[in-house]
Each structure stands twice: as C-alpha cells, then as structure tokens.
Amino acid sequence: MSKGLGTTVGRSSRRRILRLAGGGITMAALGAGLTGCEDELATGGEGSTPPPRSTSPEDGKAPADGKAPEPLWTKSTSAQTYGDNDELVAVDGVVIASGDPLAAFDGATGEERWSLPDGAVPGAPLLLGDGTLYLESGKYDGSVAGYVPGSGKEAWRSRLGKEYRQPRPVAVDAEQVYVIAEILEADGSSHTNVIAALNSGTGKVAWKEQRDLGTQQNGIHAAVQGRYLVYTDFKNNLTVRDTATGKQVWTQKTTKTSYGPFVVHQDLVIVPQGQRLQAFALSDGSEKWSVRTEEFTSFREPSLLEDVLYIADSARTLWAVEPGTGKKIWQSTALKDASAQVPRQFVKVGGTLYGATDLDKQGGIHAFDAKTGGLRWTFNDKSGDYHSWLVATDGKRVYALHGKKLHALPA
C-alpha cells in the first residue's frame, strides 16, 4: 500500500514538525496547530520503557519475552528520512532507506548490493508496485523513474511534461503510477497543481486533472483500492477519484487535519480523526462505522496487517480492530503498564507484532504478542538520535532504521 494518513489532536508531534520542515513545508503553511509538541503522556516521556537487555538470540532466533535481541547486523547508511512509513522498504532480498545516494543492503548480511547517486529525493516515498520501485528523481529533472529493487537497474522512466514541475509519485497499482506536480506559469511561478496517472508499462500520461486552487502538492498521502484512488491533504480534504479517468468520485472535509497514514480495506477507507476512528464507503463517502477512544485521547496512525487493523492511542492503549465492522478484537494496556512509548507504525511476522515509536529516547521497536497485545520486549540502540524509528520486514528479519543506523533483528 502506498502512502496514507492519520491525525493528531491539539498539538502535533515533534516528528511531524521535523518531517514537514524537512520536506520544505513552512511553519506558516502548517497553521497554528503545530505550535507545540506532544505531552509526556502521549509519548511515554522520562521513565518509559527500560533499556533492552544485552542478550543475543540463539542461532538467529527471536529472544524470549522480556529480552530484547542484539542486532544480526548494523550498518551506517546515507538515510535522510522524515518519519513517513514508506521511507524504508524490504523487498527482493534487500532493504532500502530513502537517502542520497539511495542504497540497498542485503537483508541477510547487511552488505551493500547497489547504490544510486541522485536516485531519489530524500524523504520522498519509496513506492513498490508490480515488482518495481518507483521514485521521484533526485536529479530534479521532472522525471519519475522505476527500478528493479534487487539490482538497482532502471526499468522505466516517464515525464509528465515541461509545463509541470517535479512530479512526485504518491501511489501505484499494477497498471499506473499516480503523481502530483506543480503547474508552471509563464514566469516560472506556480499557484496550482495537477494529479495525473502515468502508464507503468509505456510511461504515457493516462489522464491528468487540475486540483482546486489553494490545494498543495506537498503533504499528500494516498492509496489505491481497485477502481478508487484515495488521498488526503493539509486542507482537511479526503478525496476519492476514479483510477480509469481521474474524475472525482467524491470529496469531503475531515474533522481534523491529518499528518500520517490511513488504511483502505475492501470497500472502506479508514481514517483516524482525533478521538474517533472512522470508516467511509469508497463508493460515496458515507460513514459505515466509528470507534471512539477515551476523552482527551487521540488515535495515532493505523496499520492493516493480515486483515486486522492495529492502532494505538495517546493514552497508551493498543487496539486490534476488525476493519470491516470496527468491532474490537482486543485492547491491551501493556504499554501503559510498562510506561512505554506509543508506536505509530507496525509490521507483523508470525505471531509477533512489531511497532516503531517516535522521537523519545526510551522509544524504539516494541515486540507484542499479536493475539493479546502483550509487550514482549523493546529494542533501542541507545544512540539518542532525534529521528523517528522506522520498521520494515521481509518475513525473515525485522529492519529498524534510526537516523542513519540500520539494524537487522531476528523475526
């Protein structure tokens, strides 16, 4: 799945401010909602998860409960990330982090497999579709490129046109790459932007639609589900377009500005909006279900893994929810009980759910029992780096990126 979106309440997290500033968005554009940082309750704060024990797994196996593993390997990278989930991917035997040069490391050994100078714009999404890695060109030449992830060889390249500036891929499916680009005026300025679809076989423009005046080309999070392209933006818009024509199916305002991922499941788009987690029909935008957390508590970013939606809230409760109905499968207070920091990105391997946290020094990668939400262990490299943690998996290992350090952990 490609980029998605989530929400915060009141004040936005330090990670959001750093990511948005790194992506070239001014604080004025973000509005008054970004004037502060999350409080200690939402992030765990001082005295949260204790540091992991120095215990190495036997024969590369995952450790017992309570014992954080030593990394199978650790590498320094050129990573330049801003905290979005799709800045770290694991595919075709390699793990890749957004940066310049863009580098791929062997998942088993950590050895560098290939490197691309100017391969991608740091912080831009690494989008995977039909065996191809799609990137916004780091050469800023107006092109979008596709590469074979395992080898780094270029497999596809396309340009939207000279009248558009720096198309940025936001979503991809088996047939098309969806991009947002600025529309250039005669004097080189830009006041509007376009959303377009590029054929992933030929590179030709399938369709393009000008977005409304006042919308922004930055801050887009998107996903594709069948015939629907779903995306959100800084203007509190939730929009669905037809993937075949680009025509708008519907759009509506969200109640909270969102800065992180949403998820799509079958015929639903599920968006956290402060105290509420809401599901809307992709066909017409009607609300299908809603879940509410405690008063003065906000939902974080959701992840959909093996048809279960996992999400944490700022009161440090972890939820597992049926995405089709909103029915609670379980709730866990293990994070609260351990004074642990809240995760905002999840991956799953077997019976273990892994969650990556934000900036707090007691954060890191949490490992949970996927059936109960019980906290098994927390890995932290103790580097003190201010970057958010990112997590990815190839089903054999779990990869944890923290600043420029990439760790491989046993799954």
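H387 lies in the loop that runs between β29 (375-379) and β30 (389-393); strands are DSSP runs (E, at least two residues), numbered from the N terminus. The model is predicted, so local features need pLDDT of at least 70 and side-chain atom pairs count only at pLDDT 80 or more, while totals for chains, interfaces and linings use all residues. Residues are numbered from 1 along each chain as its sequence is written, and side-chain values use heavy atoms, with hydrogens and water left out.

**H387**
- H387 is buried, at a relative accessible area of 18% (buried: under 20%, 1.4 Å probe, protein chains only).
- Its side chain makes a polar contact of 2.7 Å with the side chain of D385 (N or O atoms within 3.5 Å, one able to donate a hydrogen and the other to accept it).
- Leaving aside residues up to four places away in sequence, H387 touches T81, D358, L359, H402 and G403 (heavy atoms within 4.5 Å).

**Sheet**
- Four strands form an open sheet in the order β26-β27-β28-β29, with antiparallel pairing (pairing needs at least two DSSP bridges).
- β26 (343-349) and β29 are the edge strands, each pairing on one side only.
- On average, neighbouring strands of this sheet are turned by 25° against each other, direction ignored (axes are lines fitted to C-alpha atoms).
- Six antiparallel bridges pair β26 with β27 (residues 352-357).
- P343 stands opposite T357 in β27.

**Confidence**
- The chain averages a pLDDT of 84, and 83% of the residues score at least 70 (pLDDT: the predictor's confidence in each residue, from 0 to 100).
- Residues 1-60 have a pLDDT below 50; beyond near neighbours in sequence, this stretch has 165 contacts in the model.

Key: Buried < 20%, exposed > 50% of the residue type's maximum accessible area, 1.4 Å probe, protein only. Axes fitted to C-alpha atoms, helices over the stretch in contact; angles between N-to-C directions.
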